Number of protein chains: 2
Amino acid sequence: MQRFSRNHRISAITKILLENPNKIISLNNFTKMFSTAKSTISEDIVMVRDTLAKLEMGKIETISGAAGGIKYVCGISNEKNREFAEKLCIILKNKERIIPGNFLYMTDIMFNPEIIYKAGIILASAFVDKNIDYVVTVETKGIPLAYEVARMLGVQLVVVRRETKFTEGSTIMVNYVSGSTGRIQNMSLSKKAMTFGSKCIFIDDFMKAGGTANGIINLLKEFESELLGIGILIDNVEIPKKLIQDYVAIVDFKGIDQNGEAQLFPSKIIK
Amino acid sequence: MQRFSRNHRISAITKILLENPNKIISLNNFTKMFSTAKSTISEDIVMVRDTLAKLEMGKIETISGAAGGIKYVCGISNEKNREFAEKLCIILKNKERIIPGNFLYMTDIMFNPEIIYKAGIILASAFVDKNIDYVVTVETKGIPLAYEVARMLGVQLVVVRRETKFTEGSTIMVNYVSGSTGRIQNMSLSKKAMTFGSKCIFIDDFMKAGGTANGIINLLKEFESELLGIGILIDNVEIPKKLIQDYVAIVDFKGIDQNGEAQLFPSKIIK
């Protein structure tokens, strides 16, 4: 039998909590793992809780009752939040990102784990009190961000497809009107992907007029499910007339000015 | 100024290392954060290193020199590895997963953060010594797994698209022959997505004959880049004649038997 000192236990408990965000872990797991008394483990947990609070790096909640235990809830200070949004603006302002049609190339951002991990914590923190069942996104670019938010909230990710695939079984398909182009588009979801009567949030990379978000609301209605929030990495605020009013964004994009410079600012919605 | 005890520092150091897998962190970061001497931090790190080693939960490497520091390298014991593969087989054997055409519904698995996080550690551990520059995948189902592997290896994720999008700038497109259907298909990648002369691994959800992996090799050649490894969650071993020989898988799928039961086994490649 291995012996664990308090230092060892604290390091291990920190790791295990962090690897299971928003999941309740019974103290019995720790007493078995370290062959030690519950009171000792409780003292260890106080130290971990203190550390997270001091450094504003999330918190540990205690859930009482038979199915109780502790869980790690992600969090980030307003200061770090703003610092992240400012850094992201600088990265996005690089002139080489402007591609024909005055689009901003940002695929590499959406697939950069260091950036997406932090953005995931910011967006998950905004919805952690909603007790949702699923994080929903539409393929493709928003998938890593939506996955990270789902992981932080300890729930399943659901990816809505543009086309129906035969490996999905029976699907429900809805049509929606793109808010920026006015074109009719499809989105579909396997009936196996979601339990009816669920609570969801929608996470995406970029918000234009909000047509996609509207489509998601309609698709969720088919599953008798509810959309409780929307989180976006970059909000195109050049389009003032949005179909959707209530959402959280990290960065505002105000288009490309006469000098060919992308106008980007930390979003006001993240205080 | 906040005061941090050894217990606090150890918890914080564990969290910071874990949140930055395979990234070198200078000890100066910690001495500044905790206003303490380097020798004290070194002692803290010894405790964290010991804990990870005792519990076989990855390791901490020391990198010497001016740009040196420490980094967390993910890892998992062979026992936990096998336990995970066995559990995954049980989940996949559920008869409700069989959909018309004798396919196995596994989309929910690929979008389940708890499963994908662990699978990501297993596959990342297999390639951690290759010092790769990118993790490559093809849209859509393998994206969370490939993202998790990229995060664990501290590198950028690259997602190859089926179709060209105008938000990608100039792209390189290749054709490839699907090994199972014999049909010709396209895959494309933005020229901005990858630096020429890079070392990559390919991560995907499911391997049939290996046509997609072959396509990736050809696409990487256009970027003068090299494929150093392939990691797959589920390998369809019903197709014995593979176009690709050398790859790592977690679970073997041997089709659906006469009783309508999916045949699934932990892959031999994961010892």
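In the predicted model, 62 residues of chain A are in contact with 61 residues of chain B. Together the two chains bury about 5600 Å², and carbon and sulfur atoms account for 61% of this area. Within the share that chain A buries against chain B, Lys15(A), Lys54(A) and Tyr147(A) contribute 12%, more than any other three residues. The model is a prediction, and the predictor assigns the complex an ipTM of 0.96 together with a pTM of 0.97. For chain A, the average pLDDT is 94, with 99% of the residues scoring at least 70.

Polar and charged interactions were then examined across the interface of chain A and chain B. Four salt bridges are found there by the rule applied. A salt bridge joins the side chains of Arg151(A) and Glu148(B), with an N to O distance of 3.9 Å. Polar contacts across the interface of chain A and chain B involve 24 residue pairs, both residues being at pLDDT 80 or more.

Several secondary-structure elements of chain A contribute to the side that touches chain B. At least two residues each are supplied by helix H1 (6-18), helix H2 (27-34), helix H3 (38-54), helix H5 (107-110), helix H6 (113-127), helix H7 (143-153) and strand E6 (156-160) of chain A. Of the elements of chain A, H1(A) gives the most to this side, with ten residues. By class, the residues of chain A on the side that touches chain B comprise 30 nonpolar, 14 polar and 18 charged.

The domain assignment divides chain A into domain 1, covering 6-73, and domain 2, covering 78-266. Taken over C-alpha atoms, the centres of domain 1 of chain A and domain 2 of chain A are separated by 32 Å. Contact between these domains involves six residues of domain 1 of chain A and five residues of domain 2 of chain A. The area buried between domain 1 of chain A and domain 2 of chain A is about 550 Å², of which 46% lies on carbon and sulfur atoms. On the side of domain 1 of chain A that touches domain 2 of chain A, three residues are nonpolar, one is polar and two are charged. Zero salt bridges are found by the rule across the interface of domain 1 of chain A and domain 2 of chain A, while two residue pairs are in polar contact between these domains, both residues at pLDDT 80 or more.

Conventions: Residues are numbered from 1 along each chain as its sequence is written. Chains are lettered from A and ligands numbered from 1 in the order in which they are written. Side-chain values use heavy atoms; hydrogens and water are left out. Domain bounds come from an automatic or database domain assignment. Contact means heavy atoms within 4.5 Å. Buried area is the accessible area (1.4 Å probe) that two parts lose on being put together, summed over both. A polar contact is a pair of N or O atoms within 3.5 Å; within protein, one must be able to donate a hydrogen and the other to accept it, and residues adjacent in sequence count only if both atoms are side-chain atoms. Ala, Val, Leu, Ile, Met, Phe, Trp, Tyr, Cys and Pro count as nonpolar, Asp, Glu, Lys and Arg as charged, and the others, Gly among them, as polar. pLDDT is the predictor's confidence in each residue, from 0 to 100. Helices (H or I, at least four residues) and strands (E, at least two) are DSSP runs, numbered from the N terminus.
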